[in-house]
Amino acid sequence: MKMNRVTSWMFLLAAVSMVTLPVHALAKEYKLGLSLAITGPTSDAGNPYSKGVEDYFQFVNDTKMLGEDTINCTIRDDQYNNDITKRNFEDFLDQGIVFYLNYSTGSTLALKKDFEEEKMPVIPASFHAGNLVDSNYIFLPIASYSAQAIGLAEYVVKNHKEGTPKVAMFIHPSAFGRGPVEDLQKAVGAGLKMEIVEVVEHGKDLDNTAMLQRLVSKGVQYVISQTVQSPVATMLKDASSLGLVAKSFGEAGKITFLGCHYTGGNDLVALAGPAAESFYWTTSYIVTNEPSPGATAQLDLAKKYNRDEKAANSHNYANGMMVAQVATEVIKRCKAKGKEVTKENLYEELQAMNGDKAFSPGTTVGPVTYSKTDHAGVDSLQLYIVKGGVFKSTGTPFVPEYTKKI
Amino acid sequence: MAYLFQLIISGVVVGSIYALSALGFVLIYKSSRVLNIAHGQIIATGAFITYALTVWAGIPIYISFPISMVLTFFLAMSVERIFLRRLIGEPIISVIMVTIGLMSILDGLIYLTPFGTENFSFPPFLPTTPIAFAGVSISWTQMVGVIVTFTMIGAFSWFFKKSTLGISMRAVSDDQLASMSIGISVPKVFGLAWAMAGLSAAAAGGIIGNITGLNFDTLHAFGIVVFPVVILGGLDSILGAVVAGIIMGLIQQFASGYLDGNWGLNGTGEVMPYIILLIILLFKPHGLFGIHEIERV
């Protein structure tokens, strides 16, 4: 009798194993890594970005988007320190990652050779055009800072009323800030009819009066910024108190302020308050205060994972979510073709993401397209303007013309 | 001419805010010969407390601002009591190392709050139209900043010159052993110095936060930005902090106004204060108002 009970239990165990083992044996876990500034400098962008990545991969696993397979993305804080980023990347390699998400311009440039050596497909949060120089494995999620600055400059040229517009650039004192300067100068050389009067590299300024008055005395009517929100907010406040902010685009004797991706968003309004009114901003991401399927998906995702309103509405949350969408999409395509999910195959799938295989994540104003010769994802940009304390679309998405001419 | 006057006004405004930010360094150094490396974090903490009281607790800013100064006063006093009291009599370098550790701890604690990674701004409470006269303008935020700065500097100067407690603090700074021998409590003086530094840091944080918006990186960086002001002023002189602050503010504005954008120069407003600092220190190694101590053996 005792023997029979033991036999029955063993039978049952064997039966259960036979049913479940094949499923578990087939289920795979794909390892990815993300190193970024969750704390430290620029963490105001890095923090919501990491939440976007984390939530989307969690969503992929929870909804079984990849069937029984799962994505395991390790997210590590590097405090905006290149040495820590490098250490994190090396740890991720030891873990066997098949795809890597990076963050800053500095660390992307510093690790470029490592990415080449490891043949690792990488999407950074930096849109610096220089990331793509001498690189085969870096893919920008959206149009580069250079394309953004050129797009803004083209808008200035098209909408300026009298003569040649005089423009100043207000940039971060780093590779991140300086990136688009040369490309914008090249666009002017290629026929974009505007004059770059001055390039201002800002510091930790408490007062920009001298700079603003100097620019006005030189006839500058437009300032294109390529930096982060805080210095732009201080400049806008000073310009506002000096009565220098143009109320309509290109107002004579006043300055119209414009900026690339990381200068704008809700954080700029939070910092500059009413002085942010009439600030022009370009990015390839949608904003959540304008209804769209992408905005709904973004807000629903944030709600599902209990994110606060600030993170939910951040364009950097959309940014993080979008790179996770692209990574998931290439894994899906790899699986659909019956190919093994390896860094080599994911790299191939990324480069095949064009034409009818372009990917529309919804969180951007245009599709993501990559090819062997094009590693900048979303080419379209949208211009937004602050009205009543929120960013509103002005015009339709556009692709800067001069990016192809330089 | 209006441009020149505008630069002078801007220089004085920026300089006086530098002076207020530098005051915390001076107050602690004056009594204990310690440089508090975590001062920038205390400036940020003061600003965030003001914001939390104003926006989250709904207290009007003209009440929340002094409350936050009082809270930061006690916070800084507690920091001294918990972390630094035991180090009285230990080598100064040990105490400075503790303030570096303190900086990391405060960084970590602030990063646990929304203030570490998010941006905020105070609700507008001052007129947005600037005060303008003969082509020269100054915003109300800057004007209030200057008034608060000079009021506080005046109050601290009076305190150190006229009050018994202030004179006791100067005595401790001069000679701890001699001070103890006449009944002055050195630990209490140290605690008070930190508390007063906290008070001035909260005021500086509130003013800077109003100008730049509340971003932790920007705010705590002012602990380092004002370092040349402290050195130029002579480390232990309140008057020195004021004069050096205004000199630095003026140099920045003049460099930015007259040099930047000409002859291919850029960012001189950031560099010139350090160049001038080096030149002045060549001739006055103890700073403009620093005490040159003569040791007799």
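1. In this predicted model, the second largest pocket has a lining to which α9 of chain A and α10 (216-225) of chain B each supply at least two residues. The greatest contribution to that lining comes from α9(A), which gives three residues.

2. The space in the second largest pocket amounts to about 550 Å³. Its lining is made up of 23 residues, and those that lie nearest the centre are A:H172, A:H202, A:K204, A:V228 and A:P231. Divided by class, the lining of this second pocket holds eleven polar, six nonpolar and six charged residues.

3. With regard to the domains of chain A, the lining of the second largest pocket takes at least three residues from domain 1 (27-143 + 291-374) and at least three from domain 2 (146-283 + 387-393).

4. Turning to the largest pocket, its volume is about 730 Å³, and its lining comprises 34 residues, with A:K237, A:S240, A:A272, A:A275 and B:T128 lying nearest the centre.

5. Four helices each supply at least two residues of the lining of the largest pocket, namely α9 (229-241) and α10 (266-272) of chain A and α6 (140-162) and α9 (186-212) of chain B. The helix that gives the most to this lining is α9(A), with six residues, and α9(A) is likewise the one that gives the most to the lining of the second largest pocket.

Conventions. Residues numbered from 1 in each chain as written. Chains lettered and ligands numbered in written order. Predicted model: local features only at pLDDT ≥ 70, side-chain atom pairs only at ≥ 80, totals over all residues. Heavy atoms only, no water. 1 Å grid on protein atoms, 1.4 Å probe; cavity = no way out; pocket = protein on both sides within 12 Å on 5 of 7 lines; lining within 4 Å. Points joined across faces, edges and corners; volume = space filled by probe spheres on them. Nonpolar A, V, L, I, M, F, W, Y, C, P; charged D, E, K, R; others polar. Domains from an automatic or database assignment.
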